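Please open the structure in your viewer and keep the selection panel handy. We will go from one stop to the next, and each stop says what to select and what is there.

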Amino acid sequence: MDAKTIWLYIVVMAGGTYLIRMLPLALLRKKLRSRFIKSFLFYVPYAVLAVMTVPAIFESTGSVFSAAVGFAAAVLLAYRGAALLPVALAACGVVFCTEWMMRLF
């Protein structure tokens, strides 16, 4: 791949990124009044994060069962109000113990 092609890729990606960020600002000049649209836009980052994270959780361990047990432990701890670091450490520990027990049996 030559230097001109690389620069073309960079320019196209920069233009695409700029358009994605600039178009909503240019098209939506008035304040949003619709409660539905406001609610929708509020939850988009959480939905995108979940869509990116959950499949990676289930593909990151030796088996889907240990991933599901670790995921359940993380959800339970997070629901009970635990902070991010304890939730992550506990989920990793649960997955480790589950994988270890699966090898014994």
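Begin with the largest pocket, which has a volume of about 560 Å³. A pocket here is an open set of points on a 1 Å grid over the protein atoms alone, where a 1.4 Å probe fits, with protein on both sides within 12 Å along at least five of seven lines; lining residues have an atom within 4 Å of a point. The volume is the space filled by probe spheres set on the points, which are joined across faces, edges and corners.

Before you go on, note that this is a predicted model, in which local features need pLDDT of at least 70 and side-chain atom pairs count only at pLDDT 80 or more, while totals for chains, interfaces and linings use all residues. Residues are numbered from 1 along each chain as its sequence is written, and side-chain values use heavy atoms, with hydrogens and water left out.

Now select T53, I57, F71, A74 and V87: of the 22 lining residues, these are the closest to the centre of the largest pocket. Helices are DSSP runs of H or I with at least four residues, numbered from the N terminus. By class, 18 lining residues are nonpolar, four are polar and none is charged. Ala, Val, Leu, Ile, Met, Phe, Trp, Tyr, Cys and Pro count as nonpolar, Asp, Glu, Lys and Arg as charged, and the others, Gly among them, as polar.

Next, the aromatic rings: the structure holds four aromatic pairs. Rings of Phe, Tyr and Trp (its six-membered ring) pair if their centres lie within 6.5 Å; planes under 30 degrees apart count as stacked, over 60 as edge-to-face and the rest as tilted.

Show F42 and Y46, whose ring centres are 5.9 Å apart with planes at 55°, so this pair is tilted. They sit four residues apart in helix 2, about one helical turn. F42 is partly exposed at 49% relative accessible area, and Y46 is exposed at 52% (buried is under 20%, exposed over 50%, partly exposed in between, with a 1.4 Å probe and protein chains only).

F58 is partly exposed, with a relative accessible area of 27%, and F71 is partly exposed at 28%.

Key:
Helix = DSSP H or I, 4+ residues; strand = E, 2+ residues; numbered from the N terminus.
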